[in-house]
Amino acid sequence: MTMNNLTKMTRLEVVVPARDAPAIRELITSAGATGYTSVSGVSGIGHHGQHSGALLFNEYDTLTMLITVLPPDNAGELIDAVHELLSTSSGVMFVSETYVSRPDYFQ
Amino acid sequence: MSLILRAQVAAAAHDIVPSWPVASFIAVNPLAGHEPRPFETAAGPGVALTRSRDAYLAAADRGRIVDADLEAALAERVPDLSGQLTIGGTNVTAVSVAVLDMKSAQWKPAPAAEPPASWLDEYLATWVSSYLNPDPLWAMPHQQLGFFHAWRTLARRDPSLPRSVRRTVAGLPLEPDAALAWALVRLGVAAEAVTETLRAELQHLPGWVGHIKWRAEKIGDIDLTSYLGVRFTLMAAFGLTPLPPSGGPTRADEAAPTLWDRGEHVARSIGGSRVGREDIASVTRVLATHPVADHPLTWQKAYELHYRSTLVQAVTGTQRTDSRAHLQLVMCIDPRSEGMRRHVEIVPDVETFGFAGFFGVPVRFTRYGARGTVNSLPALLTARHHLTEHPTDSARAQAQVARGRARDALRRSTHRADSGTTTPFALAEVSGWLYGAISILRTLAPTLQARLHRSLTPSAAILESTVTIVDAFTLEERAAMAETAVRMMGIVRFAPLVVLAGHGSESMNNLYQSALDCGACGGNPGAANARASAAIFNDPDVRAVLETRGIRIPSDSVFLAAEHNTVTDAITLLDRHLIPPSHVDAAGTFERIQRTAAELLVRERARDLPGASPRSPARVRARAHDWAEVYPELGLAGNAAMIIGPRQMTRGVDLDRRVFLHSYQTELDPGGAALETIMTAPLVVAQWINHQYYFSALNPATLGAGTKTIHNAIGTIGVLAGHTGDLRRGLPWQSVGLGDRLFHEPMRLTVLIQAPLDTIGRIVSRNQVLRNLLDNDWITLTARNDHAAAWHQYTPYGWTVAPIALEGS
């Protein structure tokens, strides 16, 4: 696979309880990210055990995954801020390199 | 803008529970931020987790707690407490030794007094209330700039601040983040101490802070960074050092006797003068496993176990019958429904069911003549479906709306004249006689006044209308809602008439009216949801889809919506114009049954309602219109348990309107999906309500709203006690007590479920909200596989046979 026509970016995925998602969303928008993807009711097994995923009548006690992509130069401060927030509450953050075809969408 | 600082503010505010406005009061556990940790660690300044020692001893004296309860509580909390010992020649069990110690050892109750407010708290409370008050006499200038900026602009000229402080304020950055960062540096707060310092300051004014957190998420006109920006810049300008709130949690053993004294006292009470030092030493070794600091929660556990034992013994093991009922009544799980269901079921061929009061139809609802919308759904959900209603006679509806607008205009102009500087004098001269006469009538004859008001205001009359389910939901959504409701409730056969009764309360001059409405409907009456649900079940297209999924609703079954007025106990059928001629008689029969049941229930409630008499039910009902009445009804006072299972478990049992009842049949839910929905939604809402009552009863000054009699409203946001200070949280004292006596027994929710234990265990293990509540002792869960099986108690290590023991009661 060639990356010749793609631009390198930083991708953050944060999985937190739905009640903590507004604070993460605020950090993402404050960091200048032009958008994010929010997936509610994610399931899986983690540090605190099993999570069943979407619940029919309770969106408050599920997990939400927030995904954002931004230029590497702008990512550091957001990563530090999310790291700080997660130091006192449950949740995980994954940071990775990613490549996009339309860099202007993310700047 | 400093992202790190924003993150530190969010981290500091993590455990703060958002506080809904009083206009849409949502019962929440005020200590919900502590739920991931054991219940006993939730104590804090001014927060008591248990009652006083005297209260527990009084309960023991009247048989409300017996020795068997204390022994069961000790066995649960101190598993090592086993074996026997000989004291002065008398053989005793270690548990009985610990029981004797609990009855004799002194401990100091945690004070639940409100800490004195500092000048800074008073100052900030005034500014926040001025900024947020939606209907002040004088609106705060510069509101459009945001809280921090508006305050900074005005405080430069605030004469209550010293000149040097005003100069400092004038030089502050415009952005709250930058001002907060400046203040933290000026105060010398080290980078690693910022979050803890912010957290400590957020513990002051917890009412306003909780409401700001709610507002930041739902409205966005203020946030905690702005609030902390003002707080810290003032602290920096005044040179105030940030300090944690005074008065840390009081340990129960502060006033306790020494271990040796306790041992000697207990040993002598067993062996008298024959007791030697070795006997005392043996006793102290036992008592060391249960220090005095643990006594309060053991007493509380015993208090709760006694209730659970009584409840479990009352629950019967009757099997389901398959004959078709003539009438089915579905009501909210709210404990107030229990009384109505019990009295309605006096008629043998009537069945009742319990279901969340929004009937599985979460909507944002707009009435045809309303100014705005209401979110009629649990606070756990976001409104995604918009339900409206269409009057059948649009010309009449338009005329009614026009009359309503004219009334509103008159009311607004009167209010403006009443609120002006000089106009109130003229208003009093012109119309004072009229308002005086109305006030006298309202005071002396509230029911007559309400009747007159209704007859003179045709714009308030309810016109025939239908709700727009086809616009609000797709067919698949409607069918899914109906299927979910049937499987959750476990309705096997449908009666010719099925009444879905939401509920609402009716009272005058009551800022906490919303707290008496339906919690599952976001603190609103449940009529709209009942109407939508009935329309969905009557929809032939929905029935056709349900049939393909194995749920057959006979063609002669008709669903009607109704609303239960919890003050008068009248159940009013709604949308009467939609009753088909074939079911008019059945509807009439239901109304007759309901009227009898209401009469019985009002008399029953009058026994508990302060100042009421079972001999005068009319006076109980008149409370709905009495503007001087602080006890229109008792709401959910007394709530203590939730039962999930078939009604056959509890039919004919007087549960004293203390139990949330959710119908459920395992047979209709082989995979456990419906049970998981019940356990993660209605159960969670019941727990929120239960803890709201629990902590409002134990901490009326700090986690409750105090007495209604001195409340002042801040618009529709909340209330203050007096004219200034913190926004009050929780329920007013009149919801839990009378005089200096509690009528609400504070007990953590006891949950009973009849369903396969392995299914329940799987559901708990995959839902963190349930693990938090159960493993940390915020609620208890007792279950049995079926009607003939033994009750088992959930523990973090598996199921154990539930201790069901009663003694002397």
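A salt bridge is taken here as a side-chain nitrogen of Lys or Arg within 4 Å of a carboxyl oxygen of Asp or Glu. On that criterion, the structure holds 45 salt bridges over all chains. This is a predicted model, so to speak of local features pLDDT has to be at least 70, side-chain atom pairs count only at pLDDT 80 or more, and totals for chains, interfaces and linings use all residues. Residues are numbered from 1 along each chain as its sequence is written, chains are lettered from A and ligands numbered from 1 in the order in which they are written, and side-chain values use heavy atoms, with hydrogens and water left out.

Now to individual pairs. B:Asp177 and B:Arg6 form a salt bridge whose closest N and O atoms are 2.6 Å apart. The two residues are 171 residues apart and link distant parts of the chain, with B:Asp177 in helix H8 (residues 176-186) of chain B and B:Arg6 in helix H1 (residues 3-12) of chain B. Helices (H or I, at least four residues) and strands (E, at least two) are DSSP runs, numbered from the N terminus. Both B:Asp177 and B:Arg6 are buried; with a 1.4 Å probe and protein chains only, buried means under 20% relative accessible area, exposed over 50%, and partly exposed in between.

B:Arg531 and B:Asp575 also meet through their side chains in a salt bridge, at 3.0 Å from N to O. B:Arg531 sits in helix H22 (residues 527-538) of chain B and B:Asp575 in the loop between strand E11 (571-573) and helix H24 (584-606) of chain B, so the pair ties together parts 44 residues apart in sequence. Here again B:Arg531 is buried, and so is B:Asp575.

The salt bridge of B:Arg552 with B:Glu547 has its closest N and O atoms 3.8 Å apart. B:Arg552 is exposed, at a relative accessible area of 52%, and B:Glu547 is partly exposed at 45%. Elsewhere, a network of salt bridges links B:Glu338, B:Arg342, B:Glu604, B:Asp608, B:Asp654 and B:Arg657.

On to the strands. Chain B has an open sheet of six strands with mixed pairing, in the order E13-E12-E18-E19-E20-E21; two strands pair if DSSP finds at least two bridges between them. Strand E13 (659-662) and strand E21 (798-801) of chain B stand at the edges with a single partner strand each, so one side of each is left without a neighbour in the sheet. From one strand to the next, the twist averages 25°. Strand E12 (residues 641-644) and strand E18 (residues 750-754) of chain B pair in the parallel sense over four bridges, and B:Met642 stands opposite B:Val751 in E18(B).

As for helix packing, the axes of helix H4 (residues 94-104) and helix H14 (residues 295-314) of chain B come within 11 Å and cross at roughly 105°. Axes are lines fitted to C-alpha atoms, for helices over the stretch in contact, and angles run from 0 to 180 degrees between N-to-C directions. That makes H4(B) roughly perpendicular to H14(B), a label covering 65 to 115 degrees. The contact (heavy atoms within 4.5 Å) is made by B:Asp101, B:Met102 and B:Lys103 of H4(B) and B:His295, B:Thr298 and B:Trp299 of H14(B).

B:His326 is found in the loop between H14 and strand E3 (327-332) of chain B and counts as exposed at 53% relative accessibility. Leaving aside neighbours within four places in sequence, B:His326 is in contact with B:Asp349, B:Ala495, B:Pro496 and B:Leu497.

How values were computed: Parallel < 35°, antiparallel > 145°, perpendicular 65-115°, else oblique.
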